[in-house]
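Dear colleague,

I am handing over the structure below, and my notes on it follow. Please read them with the model open beside you.

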Amino acid sequence: MNLLKISTSNLKDKPLTSFLSILLMALGIAIISLLLLAGKQIEEKFTRNVAGIDMVIGAKGSPLQLILSSIYQIDAPTGNISMEEATRLTRSPLVKSVIPLSMGDNYQGYRIVGTNPKYLEHFQAEFEQGKVFEKAMEIVAGAKVAKNLGLKVGDSFASQHGYDQEGHAHDAKKFKVVGILKNTNSVLDQMMITPLESVWEVHDEEHHEEEAGKGANALKLLEEDNNNVGANSIRPMDEEKEITSMLVKFRNPAMGMMMARSINLNSTLQTATPAIEINRLFALMGFGIDALKLIALVIIIVSGLSVFVSLYNSLKERKYEMALMLSMGASRTRLFFLLLLEGLIISILGFIIGIILSRLGLGIMSENIEQNFHYDFNVLSLLKEEFWLFLGALFIGLLAAAIPSLGIYNINISKTLADE
């Protein structure tokens with residue numbers, strides 16, 4: 001007697017009920033698997049990018065916004081800060097290294113960040129082509145930027161103001177690509193890196209164009225306004241330079257907390273600690289993720305109840321058939337495993353379909369994140385947690401099948417055959 005063939009035939013005889021049980025199991029598996037995949041990959045990317053950064057210094061505002069914009073490049077900065085003041089505050093024996101960042105422009109939606117070669121060293125970047133920048137208006141492209149935009153060493157382009165492609169183009173100054181980076185699996189892959197001087201030069205040129213268009217009389221008035229240093233006056237080239245933020249690494253992170261508190265209280269700047277802010281972000285996200293996992297678990301349990309009801313009704317409907325098989329020599333244990341196999345098949349099919357659905361969902365999510373933030377996910381990766389998810393699905397399916405299957409041991413062969 002081929003148990004697998006008989007079990008499969010029994011499931012085919014009840015297509016609607018079997019489909020519903022498999023679908024419920026698949027939906028529960030898909031939701032949990034998708035949450036596990038997305039959560040794992042987000043955590044890996046956040047951890048990879050924040051490694052080696054103990055503090056971020058920037059303009060007053062939201063600390064989380066400062067972290068997201070300066071480290072992950074997925075939010076607008078809180079404003080600009082004085083490079084001189086930031087540098088002065090970080091001249092301390094406690095500070096091991098500082099990396100200045102200046103943002104505000106993009107090319108085809110990819111951010112251009114002014115910094116120094118230490119930023120590339122921080123991510124242990126290696127070059128696919130070319131070399132590191134040596135002077136203003138030279139630029140290095142991340143692996144994903146170069147691939148998606150078709151950039152190569154020697155290409156030149158004008159940047160756009162802001163963080164999207166709709167910004168005003170700085171046509172007066174053009175960047176020249178001098179290097180293409182290898183993939184680092186970090187935020188560096190979707191950025192373009194240039195010296196700080198490039199950012200200042202581009203925007204100084206813009207200010208000059210605005211001044212020239214006003215004519216001689218307007219220029220005279222502008223010079224008078226600059227003498228008063230108004231809040232909204234246009235900055236001349238020799239005015240104090242500004243940056244967006246500064247990444248700081250301490251020799252002793254514990255002592256660095258004291259320095260951060262002093263900066264927040266005694267200066268116009270603010271500090272943000274990546275570990276604290278990211279943990280806070282994950283805690284906020286955790287409530288929603290836990291709720292979704294709970295919903296998915298309920299769906300899987302409902303799927304198990306569906307299997308239970310299906311097999312319970314099936315046993316009642318096939319009581320005569322079971323009695324006949326018993327009279328022909330089949331053992332009760334063999335028939336018990338026959339029904340058990342039906343629950344096992346539903347669980348396995350539900351798990352396989354659920355895993356496929358989770359990958360499709362992650363692919364759609366990845367495409368959306370790629371378009372908006374230039375981040376991507378590894379859609380085909382398998383997690384060890386999914387192995388435990390598979391065992392859990394098997395357990396629920398087998399338990400749901402085992403309870404009604406025990407009824408086989410209570411079948412009275414002669415009475416059942418006589419009643420029919």
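Which backbone nitrogen does the side chain of serine 82 reach? That of glutamate 85, at 3.1 Å, where a polar contact is a pair of N or O atoms within 3.5 Å, within protein with one able to donate a hydrogen and the other to accept it, and with residues adjacent in sequence counting only if both atoms are side-chain atoms.

This is a predicted model, in which local features need pLDDT of at least 70 and side-chain atom pairs count only at pLDDT 80 or more, while totals for chains, interfaces and linings use all residues. Residues are numbered from 1 along each chain as its sequence is written, and side-chain values use heavy atoms, with hydrogens and water left out.

Serine 82 lies in strand β2, residues 81-82, and is buried because its relative accessible area of 15% falls under the 20% cut-off (1.4 Å probe, protein chains only). Leaving aside residues up to four places away in sequence, serine 82 touches Glu240 and Lys241, a contact being heavy atoms within 4.5 Å.

For the chain as a whole, there are 14 helices and 13 strands, taken as DSSP runs (H or I, at least four residues, for helices; E, at least two, for strands). Of its 420 residues, 46% count as buried, and residues 24 or more positions apart account for 80% of the contacts with a separation of 6 or more.

Glycine 52, which follows α2, has a positive phi near 85°.

Best regards

Methods:
Buried means under 20% relative accessible area, exposed over 50%, partly exposed in between (1.4 Å probe, protein chains only).
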